[in-house]
Amino acid sequence: MASGWGITGNKGRCYDFWIDFSECMSRCREPKDCALLREDYFECLHHAKEFRRRNRVYKEEQRQIRAAARKAEEAEGGKESSHH
């Protein structure tokens, strides 16, 4: 990765993030000064935040689908009891 070459022979997808992080680390007083750039670089490599967000969105969609199904069952159950 540090070479800058990606798997296809072009510039790696995270190389620009690596350069920013590396330059920061070479001129900072404390490594924590570069924490946001490190975070950006690691997100580019691993997509952890993206996957967590996708998972939260998926879980919320499933929760809404289940809630709608329960509401439909309750409404249908109410219709049957009102006809008798």
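The following legends describe close-up views of a predicted model of one protein chain.

**View 1. Overall fold of the chain.** The predicted chain contains three helices and zero strands. Along the sequence, these elements follow the pattern α-α-α. Of its 84 residues, 12% count as buried. The accessible surface of the chain comes to about 7300 Å², and carbon and sulfur atoms contribute 53% of that surface. Among contacts in the chain with a sequence separation of 6 or more, 27% are between residues 24 or more positions apart.

**View 2. Packing of helix α1 against helix α2.** Two packed helices are described by the angle between their axes and by the distance between the axes. Helix α1 spans residues 15-27 and helix α2 spans residues 35-46. The two helices pack at an angle of about 155°, and their axes lie 9 Å apart. Because angles over 145 degrees count as roughly antiparallel, α1 is described as roughly antiparallel to α2. The crossing of α1 and α2 is left-handed.

**View 3. Residues at the contact of α1 with α2.** From α1, the residues taking part are F17, W18, D20, F21 and C24. Their counterparts in α2 are L37, R38, D40, Y41 and C44. By class, the residues of this contact divide into seven nonpolar, no polar and three charged. The charged residues are D20 in α1, together with R38 and D40 in α2.

View 4. Residue M25 is found in helix α1. With a relative accessibility of 34%, M25 counts as partly exposed, because this value lies between the limits of 20% for buried and 50% for exposed. When residues up to four places away in sequence are not counted, M25 touches P31 and C34. M25 and A35 are ten residues apart in sequence, and their C-alpha atoms are 9.6 Å apart in space.

**View 5. Backbone at H47.** Residue H47 is located in the loop between α2 and α3, the latter comprising residues 48-83. The phi angle of H47 is near 60°, a positive value in a residue other than glycine. H47 has a relative accessible area of 27% and is therefore partly exposed.

Note on methods. Residues numbered from 1 in each chain as written. Predicted model: local features only at pLDDT ≥ 70, side-chain atom pairs only at ≥ 80, totals over all residues. Heavy atoms only, no water. Axes fitted to C-alpha atoms, helices over the stretch in contact; angles between N-to-C directions. Helix = DSSP H or I, 4+ residues; strand = E, 2+ residues; numbered from the N terminus. Parallel < 35°, antiparallel > 145°, perpendicular 65-115°, else oblique. Left-handed = near helix turned anticlockwise from the far one by under 90°. Contact = heavy atoms within 4.5 Å. Buried < 20%, exposed > 50% of the residue type's maximum accessible area, 1.4 Å probe, protein only. Areas by Shrake-Rupley, 256 points an atom, 1.4 Å probe, with all protein chains shown as cover.
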